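Visitor: I have a chain open here and want to go through how it packs. Can you start with the contacts along the sequence?

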Amino acid sequence: MCKDCGCGLPGDVAIDGVPVGSEPSHPEGLKTHSHDHDHTHGHDHAHGHDHEHPHPHPHEHHRTVTVEQGILDKNDRLAERNRGYFKAKGLYVLNVLASPGAGKTAFIERTAADLGQRVRIGVIVGDLATENDAVRLRGRGIPAIQITTGSVCHLDAEMVSRAMERLDLNALQVLVIENVGNLVCPAVYDLGENTRAVLLSVTEGEDKPLKYPVMFRSAQVVVINKMDIAGAVEFDRETALRNVRRVAPEATIFEVSAKTGQGMDAWYQYLEETIRGHAAGVE
């Protein structure tokens with residue numbers, strides 16, 4: 001997973017173009033080792049060494065202690081801190097995830113623009129490079145902060161914590177986090193959100209939920225986007241719905257077109273009802 005695609009390396013993380021000293025976590029499953037002997041390593045996990053003698057004697061006994069821990073623990077602690085902070089602000093937080101090109105930005109842009117008179121929405125955008133999406137949202141009058149992650153293909157709780165310092169959260173009711181376009185690594189990173197919404201574009205194929213079950217299983221909401229071109233791409237709606245329900249039976253499903261507005265009213269109704277319930281303390 002992340003160790004193979006670059007997430008294990010320190011990224012050139014920046015918020016609105018300003019570099020930050022955020023060092024992303026690694027996914028569950030990696031191990032750290034503590035050794036009190038000297039040897040050459042041909043593998044790629046982190047080590048801490050404790051040497052009493054720089055050159056051990058040939059007959060000296062050696063002891064290896066392997067410490068296995070959830071490397072995501074640090075991220076989870078920071079996510080809980082974020083969640084507590086958001087709660088204290090009375091802020092509802094939505095984490096939007098999808099593969100590249102599924103229409104995340106268009107979906108968020110339309111939601112924020114259409115609900116702008118009723119719901120105050122701000123956005124944190126994650127991409128490997130460029131500030132294009134944040135600039136696009138700001139052009140519609142939507143408060144937006146851009147995180148560029150360099151080689152890191154997900155946002156983590158620390159990045160979100162740093163970015164939210166640049167938004168006036170007191171002026172918002174909803175914070176939308178547009179995650180990096182990826183259906184793998186972001187699935188295991190809690191950011192402190194209340195709700196996860198995963199977008200599936202009709203152009204991606206009906207079997208996406210089966211190919212990426214961890215992501216879809218983690219979602220409370222699944223949005224099937226670009227329904228306006230479903231016929232043109234021969235999208236099999238019933239198969240797609242069946243696959244979503246197989247992987248994420250509890251998820252609420254919306255079929256929309258962020259471009260034309262088709263189906264968006266049902267999403268708006270759900271979102272506003274959820275925001276009211278959150279404000280009233282009903283999770």
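Guide: Among contacts (heavy atoms within 4.5 Å) between residues at least 6 apart in sequence, 73% join residues at least 24 apart. This is a predicted model, in which local features need pLDDT of at least 70 and side-chain atom pairs count only at pLDDT 80 or more, while totals for chains, interfaces and linings use all residues. Residues are numbered from 1 along each chain as its sequence is written, and side-chain values use heavy atoms, with hydrogens and water left out.

Visitor: How many helices and strands are there?

Guide: The chain has 9 helices and 12 strands. Both are DSSP runs numbered from the N terminus: helices are H or I with at least four residues, strands are E with at least two.

Visitor: And what share of the residues is buried?

Guide: Of the 283 residues, 48% count as buried. Buried means under 20% relative accessible area, exposed over 50%, and partly exposed in between, with a 1.4 Å probe and protein chains only.

Visitor: Take Arg138. Where is it, and which residues does it touch?

Guide: Arg138 lies in helix H4, residues 132–138. Not counting residues up to four places away in sequence, Arg138 touches Asp16, Glu131, Ala144, Ile145 and Gln146.

Visitor: What polar contact does its side chain make with Asp16?

Guide: The two side chains meet at 2.7 Å. A polar contact is a pair of N or O atoms within 3.5 Å; within protein, one must be able to donate a hydrogen and the other to accept it, and residues adjacent in sequence count only if both atoms are side-chain atoms. A polar atom of the Arg138 side chain also lies 2.9 Å from the backbone oxygen of Ala144.

Visitor: Why does Arg138 count as partly exposed?

Guide: Because its relative accessibility is 34%. Asp16 is partly exposed too, with a relative accessible area of 25%.

Visitor: Where is Asp16, and what is its phi?

Guide: Asp16 sits in the loop between strand E1 (14–15) and strand E2 (18–19). Its phi is near 50°, a positive value in a residue other than glycine. Thr130 also has a positive phi, about 75°, and is not a glycine; Thr130 is in the loop between strand E7 (121–127) and H4.

Visitor: Change of topic. How do H3 and H9 cross?

Guide: The axes of H3 (residues 104–114) and H9 come within 11 Å and cross at roughly 70°. Axes are lines fitted to C-alpha atoms, for helices over the stretch in contact, and angles run from 0 to 180 degrees between N-to-C directions. H3 and H9 are therefore roughly perpendicular; that class covers 65 to 115 degrees, with under 35 roughly parallel, over 145 roughly antiparallel and the rest oblique.

Visitor: Which residues make the contact?

Guide: From H3, Phe107, Arg110, Thr111 and Asp114; from H9, Met264, Trp267, Tyr268 and Leu271.

Visitor: Last one: what angle do H2 and H5 pack at?

Guide: H2 (residues 73–88) and H5 (residues 157–164) pack at about 35°, with their axes 8 Å apart. Among the residues that meet there are Leu78, Tyr85 and Phe86 in H2 and Val160 and Met164 in H5.
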